[in-house]
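My notes follow the structure.

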Amino acid sequence: MANYSTNSVSQLTMTLLLNELTRAERLSQEVKQNKWEEISNKMDRYYHVDTEGKVLGILGHGNIGKRVEQYAKSFGMEVMIAKIPGREYTDNLENRFELDEVLEKCDIFSIHAPLTDLTRDLINLDRMKKMKKSAIILNLGRGPIINEDDLYYALKNNIIASAATDVMTSEPPKSDCKLLELDNFTVTPHLAWKSLKSVERLFAAIENNLNLFLENKLVGLESK
């Protein structure tokens, strides 16, 4: 079912992006630990990062990637679209660049690509080392696009600043998953698609296709 969750996945992408820049979730946890005054008095440690002027790299420029691009630009961000190595492109997008160039220049890198032979383990330690130490990785595509052992090493050793994901290589993650131990790693349980409107669209499309099938009108299928 195409496009039913474009809005919801894009919305969670921006939620995770803004959470990483504002540290809202972490600040809330610390306030609940009675650290209000400590936070207020340490301005050198606690601050927001503005979206304006930041560079967002996007891997996967389908419906979701395009919507995220629109949202990011409305927040004053510059957007660079990354090429998937080995894939041919026939369009002439002015803001499409080689993957390594995007990784070197972006402040946030957001993944929305499908899992293929070209994208599996595409974001590995060598590529993360090309990124800024302040860089953030978001994964709303598929878990195995990022090598999770390499991601753990990069986060643990401050090669990049943080990561947030809605997808994992193993879902649910195994109990000994080291990423879950890290404060600079945020994860949601593969629910980016699951807004109320997305679910309504999905079931409406299923019902419509079922009716077409029963009426022998569904293109490409014949009832038997």
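**Pocket linings**

I began with the lining of the second largest pocket, whose residues divide into 15 nonpolar, 11 polar and six charged. In this count Ala, Val, Leu, Ile, Met, Phe, Trp, Tyr, Cys and Pro are nonpolar, Asp, Glu, Lys and Arg are charged, and the others, Gly among them, are polar. I note that the model is predicted, that local features need pLDDT of at least 70 and side-chain atom pairs pLDDT 80 or more, and that totals for chains, interfaces and linings use all residues. Residues are numbered from 1 along each chain as its sequence is written, and side-chain values use heavy atoms, with hydrogens and water left out.

I read the volume of the second largest pocket as about 570 Å³. Of its 32 lining residues, Ile-64, His-112, Ala-113, Pro-114 and Gly-141 are the closest to its centre. Helix 4 (63-74) and strand 2 (78-82) are the elements that give two or more residues to this lining, and the largest share, four residues, comes from helix 4.

On terms: a pocket is an open set of points on a 1 Å grid over the protein atoms alone, where a 1.4 Å probe fits, with protein on both sides within 12 Å along at least five of seven lines; lining residues have an atom within 4 Å of a point. A volume is the space filled by probe spheres set on the points, which are joined across faces, edges and corners. Helices (H or I, at least four residues) and strands (E, at least two) are DSSP runs, numbered from the N terminus.

I then took the largest pocket, with a volume of about 710 Å³. It has 26 lining residues, and Glu-20, Arg-23, Arg-26, Ser-162 and Asn-184 lie nearest its centre. The lining divides into 10 nonpolar, six polar and 10 charged residues. Helix 2 gives the most, four residues.

**Helix 1**

Just after the helix, Arg-23 takes a positive phi of about 60°.

**Thr-165**

I found Thr-165 in strand 6 (residues 162-165), buried at a relative accessible area of 6%. Leaving aside neighbours within four places in sequence, Thr-165 is in contact (heavy atoms within 4.5 Å) with Asn-139, Phe-185, Thr-186, Val-187 and Thr-188. A polar atom of its side chain lies 2.6 Å from the backbone oxygen of Val-167.

Terms used: Buried means under 20% relative accessible area, exposed over 50%, partly exposed in between (1.4 Å probe, protein chains only). A polar contact is a pair of N or O atoms within 3.5 Å; within protein, one must be able to donate a hydrogen and the other to accept it, and residues adjacent in sequence count only if both atoms are side-chain atoms.
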